[in-house]
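Thanks for coming. Please have a look at it first.

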Amino acid sequence: MKNSAALKRQMRYQQWVEEVKDFNSRPKDMTVREWCALHDIKPPTFYDHMRRVQDYFASQLQTTDES
């Protein structure tokens, strides 16, 4: 069974993935700053979440490629 910290981390990643999906489905004329203001997220925080999601999936791909 996973420990509490691992479950919290997994939940955060799932939340960030949904956040990035929502961002990617925004209207094409909406800026990052406008989207972040609408979702009460500071742009640097959003970019951090996006980077972490990208890093997570990149590490998953490396693990798959190494198998």
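How many residues apart are Asp48 and Arg51, and in which helix do they lie? They are 3 residues apart, about one turn of the helix, and both lie in helix α3. Before going further, note that this is a predicted model.

Some context on the chain. It has 3 helices and 0 strands, and from the N terminus on the order is α-α-α. The radius of gyration is 14 Å, whereas a compact globule of 67 residues would be near 11 Å. Along the principal axes, the C-alpha atoms fill a box of roughly 40 × 30 × 20 Å. Of the 67 residues, 22% are buried. The accessible surface is about 5,500 Å², and carbon and sulfur atoms account for 54% of that.

Now back to helix α3, which covers residues 43-66. Side chains of opposite charge can pair when their charged atoms come close. Asp48 and Arg51 form a salt bridge, with their closest N and O atoms 2.7 Å apart. Asp48 also meets Arg52 in a salt bridge, at 2.9 Å from N to O; Arg52 and Asp48 are 4 residues apart in the helix. Arg51 in turn has a salt bridge to Asp55, at 3.2 Å. Asp55 and Arg51 are separated by about one helical turn, because they are 4 residues apart in helix α3. Taken together, Asp48, Arg51, Arg52 and Asp55 are linked in a network of salt bridges. The whole structure has 4 salt bridges.

How exposed are these four? Asp48 is partly exposed, at 25% relative accessible area. Arg52 is partly exposed at 34%, Arg51 at 40%, and Asp55 at 42%.

The other residue I want to show is Glu19, in helix α1, residues 4-24. Which side chain of opposite charge is nearest to Glu19, and how far away is it? The answer is Arg52, at 9.9 Å. A salt bridge needs the nitrogen within 4 Å of a carboxyl oxygen, and Glu19, although buried, has no salt bridge. What Glu19 does have is a polar contact of 2.7 Å between its side chain and that of His49. Leaving aside neighbours within four places in sequence, Glu19 is in contact with Trp35, Ile41, Phe46 and His49.

One last distance, for scale. Asp55 and Glu34 are 21 residues apart in sequence, and their C-alpha atoms are 25 Å apart in space.

Key. Residues numbered from 1 in each chain as written. Predicted model: local features only at pLDDT ≥ 70, side-chain atom pairs only at ≥ 80, totals over all residues. Heavy atoms only, no water. Helix = DSSP H or I, 4+ residues; strand = E, 2+ residues; numbered from the N terminus. Buried < 20%, exposed > 50% of the residue type's maximum accessible area, 1.4 Å probe, protein only. Lys, Arg positive; Asp, Glu negative; His and termini not counted. Polar contact = N/O pair within 3.5 Å; in protein donor to acceptor, adjacent residues only side chain to side chain. Contact = heavy atoms within 4.5 Å. Rg over C-alpha atoms; globule rule 2.2 N^0.38 Å. Areas by Shrake-Rupley, 256 points an atom, 1.4 Å probe, with all protein chains shown as cover.
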